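This report looks at a nonpolar core, a helix and a few single residues. Please have the sequence and the model open as you read.

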Amino acid sequence: MSETASADTRPNALSAWPDIDGRFGDFGGRFVAETLMPNILELEKAYEAAKADPGFKAEMDLFLTDYVGKPSPIYFAERLTEAFGGAKIWLKRDELNHTGSHKINNCLGQVLLAKRMGKTRIIAETGAGQHGVATATVAARFGIPCTVFMGATDVERQAPNVFRMKLLGAEVIPVTSGTGTLKDAMNEALRDWVTNVSDTFYVIGTVAGPHPYPAMVRDFQSIIGREARAQMMDRLGRLPDACVACIGGGSNAMGLFHPFIEDEEVRLIGVEAAGHGVETGKHAASLKGGRPGILHGNKTYLLQDDDGQIIDAHSISAGLDYPGIGPEHAFLHDMKRAEYVSATDEEAMEMFQLCTKLEGIIPALEPSHALARVRDLAKELGPDGVILMNMCGRGDKDVPQVARMLGVEL
Amino acid sequence: MTNRLTTRFAELTAYNRAGFVAYMMAGDGDSQGLLNALPAAGADVIELGMPFTDPMADGPSIQASALRALEAGMTLKGTLAQAAEFRKRDTETPLVLMGYANPIFSMGWEAFAKAAAKAGVDGLICVDVPPEEDNELRTALTKQGIALIRLATPTTDDDRLATVVANTAGFVYYVSTTGVTGAGTGVVTEVGAAVDRVKAASGLPVAVGFGVREPEQAEAIAKRADAVVVGSAIVDAMHEGGIDGATGLVKRLASAVHAARR
């Protein structure tokens with residue numbers, strides 16, 4: 001209970017949260033229906049036990065290297081650096097992971113945990129489809145039946161990923177309730193979990209949801225920052241001036257940021273999706289345009305109206321189209337340890353094309369948002385500066401959508 | 001804590017009668033009219049749904065009902081206004097609000113508790129605030145004499161049950177099946193055993209719901225439980241047949257429940 005988290009049980013270091021109640025400061029917690037509480041508590045125990053088991057870590061490491069392709073390199077983006085005319089831009093190449101995004105780092109961990117817990121069915125929600133594909137992939141590898149909930153709107157705009165999931169043997173259920181996007185997919189996954197509570201493991205794709213998900217997903221994604229930090233030291237003999245990542249729920253950003261939290265000289269910058277612009281109300285920037293509330297198991301910043309009803313997010317990028325944000329980001333925001341800015345649909349489209357032309361790397365629309373703010377930051381820091389950006393996903397999945405937006409018929 | 005809930009359940013016990021708890025959604029159709037009509041139709045306790053955009057524990061009927069209500073402009077303040085209007089006409093029927101945390105958190109736990117007390121509300125079921133997270137809400141409600149009613153489920157084992165029923169008041173809502181509202185009821189014998197277990201642990205009356213739609217089911221459960229809750233079926237009847245449709249169903253369900261122990 002929150003009252004039991006007395007001052008002496010609260011972590012001292014910013015990187016040591018959550019506390020025993022799953023709180024990051026005032027954010028996080030376990031706001032779920034009673035049916036799920038025993039499951040959440042069982043999961044927390046199982047995860048703690050797995051963390052302490054060298055066998056679990058060894059299995060993870062083996063699959064991370066041989067199956068996912070870890071470590072992913074860091075890459076000096078020389079032509080983007082030239083084009084932006086300032087700080088040196090390094091990209092952490094997590095888009096080179098098997099399945100094309102950072103999502104598999106987490107899916108691998110959770111599916112191995114599900115196997116360890118004797119669960120016989122996997123469910124997941126997905127927005128852009130990257131998490132759905134990664135979950136379906138790992139589920140296929142371990143022979144566990146998998147059901148993916150996906151908003152009907154997203155099913156339409158991410159058709160290649162839908163087909164990919166089906167090839168992988170997953171059942172894809174289009175969700176038409178609400179606005180048919182990521183939040184509705186998450187509602188539907190929670191409803192499924194409430195119904196099939198004993199045999200089903202819910203693989204949440206982002207650093208949100210009830211405790212222990214935000215901490216667990218962060219831990220699995222922290223491989224991004226751990227690798228990148230060591231690689232920077234190895235290649236440059238120094239840490240970057242800033243780490244930059246895009247944010248929907250915030251899993252790739254949290255994975256990049258976490259190993260740098262205690263490095264006070266490193267700025268941590270999260271880029272939310274501003275859609276048509278935060279001032280228009282059509283956006284997905286929960287920190288910039290929202291306020292604290294309770295949804296999907298945790299207390300965090302949410303897009304909501306005066307009555308506490310959730311407002312639909314808008315972004316060109318299905319992966320960022322979520323009206324909330326992970327509770328640890330809410331905490332780092334309020335503690336002023338991380339900075340949160342935003343980029344519009346239009347800026348993301350521009351960066352998508354620029355990065356493709358200059359670097360021969362087709363970025364997903366999600367990290368294209370981060371590139372827009374890297375451009376400003378490069379100028380601000382000047383030629384002596386070093387920026388590390390997580391290229392969290394590749395853009396193959398977005399090619400049909402971008403073609404449509406550019407008026408090209410494929 | 002003595003309020004209309006304890007009084008009502010004491011009366012039911014005295015008559016050796018199970019109670020009928022009717023759920024309806026504030027703001028879906030002429031909800032004020034239905035609310036006012038429920039006691040005469042046989043509802044011993046009323047659960048008034050507070051609409052929310054993302055009702056994670058509800059099935060299709062109540063989801064759709066909430067969205068219709070929000071579309072029609074219903075708010076938490078509007079829901080409390082309907083409760084207050086009802087209370088002007090009926091001073092005896094216990095009124096319990098049921099919904100999700102965010103609109104309440106948005107208003108402020110204390111501000112909500114005060115406004116609800118002023119509106120004549122007797123209890124609150126907040127689906128996504130489990131005991132681990134309810135300290136502030138429970139404190140605010142207790143100060144206003146409003147019962148925080150908790151849900152116990154088939155997944156609640158004996159260890160967990162002690163946590164669930166601690167600090168609860170009014171009655172315990174036993175969810176007869178894992179799943180969302182309206183999804184189909186549990187096996188009656190298992191439900192009976194669970195009711196006894198929850199009753200022994202809490203010392204409170206136990207109401208059983210989730211998936212009860214037909215008078216026969218309601219009657220079977222009423223033989224073992226202190227009360228039977230019906231939600232989705234009433235919400236559907238209201239949407240399809242208006243106040244007459246809904247009260248017609250409530251009459252049939254309530255008389256089945258009331259006759260169960262004869």
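B:Leu124 touches B:Met50, B:Val96, B:Leu97, B:Ile104, B:Phe112, B:Leu137, B:Leu141, B:Ile146, B:Ala147, B:Leu148 and B:Ile149, leaving out residues up to four places away in sequence. Contact here means heavy atoms within 4.5 Å. The model is predicted: local features need pLDDT of at least 70, side-chain atom pairs count only at pLDDT 80 or more, and totals for chains, interfaces and linings use all residues. Side-chain values use heavy atoms, without hydrogens or water, residues are numbered from 1 along each chain as its sequence is written, and chains are lettered from A and ligands numbered from 1 in the order in which they are written.

## The nonpolar cores

The largest nonpolar core has 158 residues. Such a core is a set of buried Ala, Val, Leu, Ile, Met, Phe, Trp, Tyr and Cys residues joined through side-chain atoms within 4.5 Å. Buried means under 20% relative accessible area, exposed over 50%, and partly exposed in between (1.4 Å probe, protein chains only). B:Phe112, B:Leu124 and B:Tyr173 touch the most other members. Helix α11 of chain B (residues 232-259) gives the most to this core, with 11 residues. Helices (H or I, at least four residues) are DSSP runs, numbered from the N terminus.

Domain 1 and domain 2 of chain A both contribute residues, so this core lies between them. Apart from it lies another core of 33 residues, among them A:Phe27, A:Phe257, A:Ile261 and A:Leu268.

## Two domains of chain A

Chain A is assigned domain 1 (22-64 + 103-217) and domain 2 (70-101 + 222-405). These bounds come from an automatic or database domain assignment. The two centres, taken over C-alpha atoms, are 22 Å apart. In the contacts between them, 40 residues of domain 1 meet 43 residues of domain 2.

## Helix α2 of chain A

Helix α2(A) covers residues 54-68, 15 residues in total. From first C-alpha to last it reaches 20 Å, close to the 21 Å expected at 1.5 Å a residue. That expected span is 1.5 Å times one less than the number of residues. Its buried residues are A:Phe56, A:Met60, A:Phe63, A:Leu64 and A:Val68. They sit on the same side of α2(A) because they cover an arc of only 105° around the axis. The arc is that of the directions from the helix axis to the C-beta atoms. On the other side, A:Pro54 and A:Asp66 are exposed.

The cover over the buried residues includes α1 (37-51), α4 (103-116), α5 (130-142), α9 (213-221) and α10 (223-236) of chain A. A:Asp53 caps the N-terminal end of α2(A), with a side-chain oxygen 2.7 Å from the backbone nitrogen of A:Gly55. A:Gly69 follows the helix, and its phi is positive, near 95°.

B:Ser65 is found in helix α3 of chain B (residues 60-71). It is buried, with a relative accessible area of 0%. Leaving aside neighbours within four places in sequence, B:Ser65 contacts B:Met25, B:Asp28 and B:Val235. B:Ala101 is in helix α5 of chain B (residues 101-107). It is also buried, at 0%. Beyond four places in sequence, B:Ala101 touches A:Ile294, B:Trp109, B:Cys126, B:Asp128 and B:Val129.

Is B:Ala201 buried or partly exposed? B:Ala201 is partly exposed, with a relative accessible area of 41%. Its place is in helix α9 of chain B (residues 188-202). B:Ala201 touches B:Leu161 and B:Val165, not counting residues up to four places away in sequence.

Definitions and conventions:
Helices (H or I, at least four residues) and strands (E, at least two) are DSSP runs, numbered from the N terminus. A polar contact is a pair of N or O atoms within 3.5 Å; within protein, one must be able to donate a hydrogen and the other to accept it, and residues adjacent in sequence count only if both atoms are side-chain atoms.
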